Amino acid sequence: MADSGALYDRLIVDRARTPLYAGRLEQADGQGEGKNPLCGDKTRVELRMADTHIGEVRHQTRGCAICLAAADLMAERVAGQTVLQARDLSQRFSAMLVGEPASALDTNTDKTALGPLQAFAPLRAHRARIRCAELPWVALKEALSHVDV
């Protein structure tokens with residue numbers, strides 16, 4: 001990221017314009033929705049399990065660039081993880097957004113775990129937009145609550 005304070009990182013813009021994980025899954029094992037009535041963002045996450053791991057994730061998102069990119073990058077990042085790992089990643093992502101910058105990103109473990117999701121770190125300075133990035137994670141948590149592992 002060229003400007004660490006930039007709200008719209010290139011990755012966010014690219015993934016909002018050309019999402020790689022948008023669409024539906026036939027015979028999904030779990031699905032969840034997230035809605036923000038204040039801004040109109042809406043996302044639906046569907047997932048299919050492969051034994052104890054998340055096999056595939058797709059989203060249907062209507063909203064701002066931040067919400068669209070967050071849904072797509074979340075889907076990419078949690079595919080192949082266990083339910084526990086996905087829940088842990090969700091907590092790390094939220095801590096990065098709402099926590100103190102030093103406590104949320106100091107360890108190499110957090111940086112490695114978050115990977116490209118770190119593109120959303122500048123949202124700490126734009127508190128009104130944090131809900132946009134967290135909305136897909138709300139839908140994921142609901143989807144995960146419907147799977148048997």
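**The sheet.** I began with the strands and found an open sheet of 3 strands, ordered E1-E2-E3 with antiparallel pairing. Strands (E, at least two residues) and helices (H or I, at least four) are DSSP runs, numbered from the N terminus, and two strands pair if DSSP finds at least two bridges between them. E1 (30–36) and E3 are the edge strands, each with a single partner strand, so one side of each has no neighbour in the sheet. From one strand to the next, the twist averages 15°.

**A note on the source.** I am reading a predicted model, in which local features need pLDDT of at least 70 and side-chain atom pairs count only at pLDDT 80 or more, while totals for chains, interfaces and linings use all residues. Residues are numbered from 1 along each chain as its sequence is written, and side-chain values use heavy atoms, leaving out hydrogens and water.

**Strand pairs.** E1 and E2 pair over 7 bridges in the antiparallel sense, and here I found glycine 30 opposite leucine 47 in E2. E2 (residues 41–50) and E3 (residues 53–62) pair over 9 bridges, also in the antiparallel sense. Lysine 42 has arginine 62 in E3 as its bridge partner. What lies between E2 and E3? I found a hairpin with 2 residues between the strands, and aspartate 51 in the turn has a positive phi of about 60°.

**H3 and H6.** Next I looked at H3 (residues 83–98) and H6 (residues 130–144), which pack at about 160° with axes 11 Å apart. Axes are lines fitted to C-alpha atoms, for helices over the stretch in contact, and angles run from 0 to 180 degrees between N-to-C directions. The two helices are therefore roughly antiparallel (over 145 degrees). H6 also lies across E1, E2 and E3, running at about 150° to E1.

**H1 and H2.** I then turned to H1 (residues 10–17) and H2 (residues 65–78), which pack at about 85° with axes 8 Å apart. They are therefore roughly perpendicular (65 to 115 degrees). Their contact (heavy atoms within 4.5 Å) includes Leu11 and Ile12 of H1 and Ile66 and Leu73 of H2.

**Confidence.** Last, I checked pLDDT, the predictor's confidence in each residue, from 0 to 100. The chain's mean is 88, and 87% of its residues reach 70 or more. Over residues 102–107 pLDDT stays under 50, and the model has 10 contacts beyond four places in sequence for them.

Notes: Angles under 35 degrees count as roughly parallel, over 145 as roughly antiparallel, 65 to 115 as roughly perpendicular and the rest as oblique.
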